[in-house]
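The sequence and the structure are shown first, and the description follows.

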Amino acid sequence: RRHPLMNEYWQDKAARLEDIGVPAYVVASWTNVVHSYGTLPGFERLGCSDKWLRVHNTMEWPDFYGHQDDLRRFFDRFLKGEENGWERTPRVRLSVLDPGGKDDVDRPEEDFPLPQTEYRRLYLDAAGGAAAAPGPARATAIGVLSTDPPAQERAAEYAAASDDGSAVFTYTFDRDTELVGYLRLRLWVEAKGADDMDVFVKVQKLDRRGRLLFAPTIPVPGRLRR
């Protein structure tokens, strides 16, 4: 109760990943935001030089049972001292989700975040249909993501109490593009009549007709065999 926000009290209880010196095999995914949020920055902070990262395209349990041989090779090398060639394993193996297409799995990379990343700045523009005029807020406010700052200030207002209340901003790519790594978002928000709020942000892929494309992450189980 005396420390409701992050401060020195809580920081003292956080793991000091920079002090870890033993070899590490780190596994993450794009499909579980809770684990990814800690795992990917954790890989960067690890103090050991012998560290490997693999980002998969499913969920943790099917991935774990499908990669036990890989994990065993890592343990055999560093716990038993076996010369099994583990060091030739790419330092980063990446999966890129392609909803509506075929995922790129176990792609070798030099490091993470990717050194060749090109960062682009996009601006939230509520001009596409924001509820800026007086009157009841709609369940969904529609806007766009623009490469240029909006010409004037606008607000995307929606009914937060609605089951599907949201503000949606769309962007159309003119070429094949990969989004790999960290996304950052800066918002100015207000909840009328309240002094607190929860904000959930999703990035989703749509087809050219505006239909949502899903990325299946849990393999369909086959028939159990004795």
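## Confidence of the model

The pLDDT is the predictor's confidence in each residue, on a scale from 0 to 100. The structure discussed here is a predicted model. The protein chain has a mean pLDDT of 88, and 91% of its residues reach 70 or more.

In the protein chain, helix 4 (residues 68-79) has the highest confidence, at 97, whereas helix 2 (residues 33-45) has the lowest, at a mean of 87. Over residues 130-134, pLDDT stays under 50. For this stretch the model has nine contacts beyond four places in sequence. Where pLDDT is low, the predicted coordinates should not be read in detail.

An open sheet is formed by four strands in the order 1-2-3-4, with mixed pairing. Its edges are strand 1 (24-29) and strand 4 (104-109); each has a single partner strand, so one side of each is left without a neighbour in the sheet. On average, and with direction ignored, neighbouring strands of this sheet are turned by 20 degrees against each other.

Within the sheet, strand 2 (residues 51-56) pairs with strand 3 (residues 92-96) in the parallel sense over two bridges. Leu-53 stands opposite Val-92, a residue of strand 3. Strand 4 contains Asp-106. The phi angle of Asp-106 is positive, at about 60 degrees, although the residue is not a glycine.

Helix 4 lies across strand 1, strand 2 and strand 3.

Which residue forms a salt bridge with Arg-72? The partner is Asp-69, and the closest N and O atoms of the pair are 2.8 Å apart. Both Arg-72 and Asp-69 lie in helix 4, where they are three residues apart, about one turn of the helix. A search of the whole structure finds 18 salt bridges.

## A cis peptide bond

The peptide bond that joins Phe-112 and Pro-113 is cis, with omega at about 0 degrees. Pro-113 is placed in the loop between strand 4 and strand 5 (123-125).

Three strands form an open sheet in the order 5-6-7, and its pairing is mixed. Strand 5 and strand 7 stand at the edges with a single partner strand each, so one side of each is left without a neighbour in the sheet. Neighbouring strands of this sheet are turned by 35 degrees against each other on average, direction ignored.

How many bridges join strand 6 (residues 140-146) to strand 7? There are five, and the two strands run parallel. Gly-143 has Phe-169 as its bridge partner in strand 7.

Conventions: Residues are numbered from 1 along each chain as its sequence is written. This is a predicted model: local features need pLDDT of at least 70, side-chain atom pairs count only at pLDDT 80 or more; totals for chains, interfaces and linings use all residues. Side-chain values use heavy atoms; hydrogens and water are left out. Contact means heavy atoms within 4.5 Å. Two strands pair if DSSP finds at least two bridges between them. Axes are lines fitted to C-alpha atoms, for helices over the stretch in contact, and angles run from 0 to 180 degrees between N-to-C directions. A salt bridge is a side-chain nitrogen of Lys or Arg within 4 Å of a carboxyl oxygen of Asp or Glu.
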